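Dear colleague,

Please find the structure below, handed over for your own reading. My notes on it follow directly after.

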Amino acid sequence: MSGKLCLSYALPAPETWITNLKLFDELVAEFANEFLEKVWDEEIIDEIYAYGLKVENGKEYYTKPAYKYFERRKLYPKDPRWKELPSRFRRGIMEKVGRVLRSQKERKDCFYDVLPLFPDYYDLSVEDVRKRKWKAFKRIRQKLIASGKHYDYNLLKQTVYQIANYYEENGELPKKYTECVRPRFKSGAFPFDVDDGRIGFGKLSKGDRGKIFQLCYRVKDGKLKLHLRVKLPVKRKDGKIEWRWFEEDVEAYQKFKEMLANRIKKPVLVKKRLKSGFYQYRFVFPFEVEDECKPSKDENYFRFLSIDLNERKLIAAVVMDSENNQLTPPIFVRTLPEIREKILRIREEISNISRKISSNLDFDGRLFAERRRKWTKLNNLVNQLTHEVVNVIVRIAQVLGCKYIVFEDLKSYQPPKGRGLLSWLLSMWRRGNIVTITRYKALRRGIRVETVKAFMTSQICPRCNAKGEHIKAPDKLDVRDERYGFFYCPDCGYTADRDYVAALNIGRKFLLGGNGRSSRLDGAEPAAYKAVGGSPADRSRRGTLEKLVLHLSKVNMRFEKIAELGLKLRLINFDDVQ
């Protein structure tokens, strides 16, 4: 059984085009903001959302581009320069604005569900405005969930905060969604896929016939070259703007060149900030590939990798099967000490700068600039760490023959307050979209990624289903607190690392309901450790990778040594849990 996997490829624009691309970017943002202001109306939001909408197997997709709605309604910017722009540039502006309007439908519905609840839960007696907003958000979220309305955690939080900000500034509640929210384009990302023609082979006259973007092969100096042509603005000496074709041969990966043999969509122009602080323009091509190894959960037997993300060890993982057997000891992956110290140091530097700014010591804006640089450095480090962890996860699942990788759904997870680094790092994990990154990397290897709801995974005994306690150490059963790293079950006496317990329970939830539908473990079968070849079937075998390799060799699973994994680990390592 095969399926489609949607990916993208970023082709850097030639550096000689930077000046013209910057002008192009400014024009896109200018005209898009002007047009968005004109069509920012709730009736238009509802109409364009429904225009061309189709629903199939519970999934929504559009059969008509958004710009055709505006053409049918004859809605255009009032700027007199509008008619002087290339026709496909005008079409791209309308498509860009139309996609934003379509994305506002769910936000608008959320706004009108929150608005009548807001006066009852926004407590003005709380002096700290931030605490006031946070308490209102928590109460409104609980109320909506109780009434059967489930919105995305971040979307709902943003909506509550937007209403609160409006109320704090104006002293009254907004009457309409479009009155409370006014989006603006900061970047001029432009969709070239509204252009005519197709990306193809041969000469430009026989290949791509786009009116603003063309990409095809041509023979130059006896070699086949990838040739790029884009119509960009040029500012003349008299201040007026004219449009010219820019063309250049560009380099691309061989895999991308092979994909040009099929019909792929034209790209989106985006501006990307590099680690150096400079910006680079890129043409991002979306494309589809076949997922030939699409597994089915209806198989009689399959293996899966169950993963708990945490601050203490980054990940705790265990391989299980469809018969609820635990097949491996826990696999722990830690951040290298120097990397952890570096993250903490940058975080502390950001806090110190923020304290100086709040004390009005930033007279010339240098502290704001320094804080931005620190945040950029920290985000780059976290992104690098995320990709390295994902590579390890996918590789382990691949060599162990797993059909699924199972995570907790962190999108709706609320990190514990007052837990310092733990709360902060869990928030960074969620922002890093580790599940999304794992999904696209795993799918290319025929491995599916599923999620289950985060609910008491480290508090339920995986052997007897009783509620347990968190203890300081296995030999200190009476010293109990939610912050401690070991699990103890008073009913059966089971003791193990809490993150290992969470990984087991995530796997049990997956077998019970899976796909995020099951939040509790009621009715879940206890996980059994599959003792094979004299391997000790105890509770918490804490092993390095070498111990894991030794154990897997006894249960006839193949697992290469770390040097043969094909992974260059710079930030993390397999480690013992002390």
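The structure holds 0 disulfides, a disulfide being a pair of cysteine sulfur atoms within 2.5 Å. The closest cysteine sulfur to that of C464 belongs to C489, and at 3.5 Å it is too far for a bond. C464 counts as partly exposed, with 33% relative accessibility, whereas C110 is buried at a relative accessible area of 0%. Here buried means under 20% relative accessible area, exposed over 50%, and partly exposed in between (1.4 Å probe, protein chains only).

This is a predicted model, in which local features need pLDDT of at least 70 and side-chain atom pairs count only at pLDDT 80 or more, while totals for chains, interfaces and linings use all residues. Residues are numbered from 1 along each chain as its sequence is written, and side-chain values use heavy atoms, with hydrogens and water left out.

Helices (H or I, at least four residues) and strands (E, at least two) are DSSP runs, numbered from the N terminus. Two strands pair if DSSP finds at least two bridges between them.

An open sheet of 4 strands, paired antiparallel, has the order β17-β16-β18-β19. Its edge strands, β17 (476-480) and β19 (495-497), each pair on one side only. Neighbouring strands of this sheet are turned by 50° against each other on average, direction ignored. Between β18 (residues 486-488) and β19 there are 3 bridges in the antiparallel sense, and Y488 stands opposite T495 in β19. Helix α14 (residues 498-512) lies across β16 (469-473), β18 and β19, and runs at about 90° to β19. Axes are lines fitted to C-alpha atoms, for helices over the stretch in contact (heavy atoms within 4.5 Å), and angles run from 0 to 180 degrees between N-to-C directions.

Helix α6 (residues 129-146) has 18 residues and should span 26 Å at 1.5 Å a residue, which agrees with the 26 Å between its end C-alpha atoms. The expected span is 1.5 Å times one less than the number of residues. Among the buried residues of α6 are W134, F137, I140 and L144. The buried residues of this helix pack against α4 (87-114), α5 (118-121) and α7 (153-170). Just after α6, G148 takes a positive phi of about 85°.

Finally, strands β2 (residues 53-56) and β3 (residues 59-62) pair in the antiparallel sense over 4 bridges, with L53 opposite Y62 in β3. Their hairpin has 2 residues between the strands, and N57 takes a positive phi near 55°.

With kind regards
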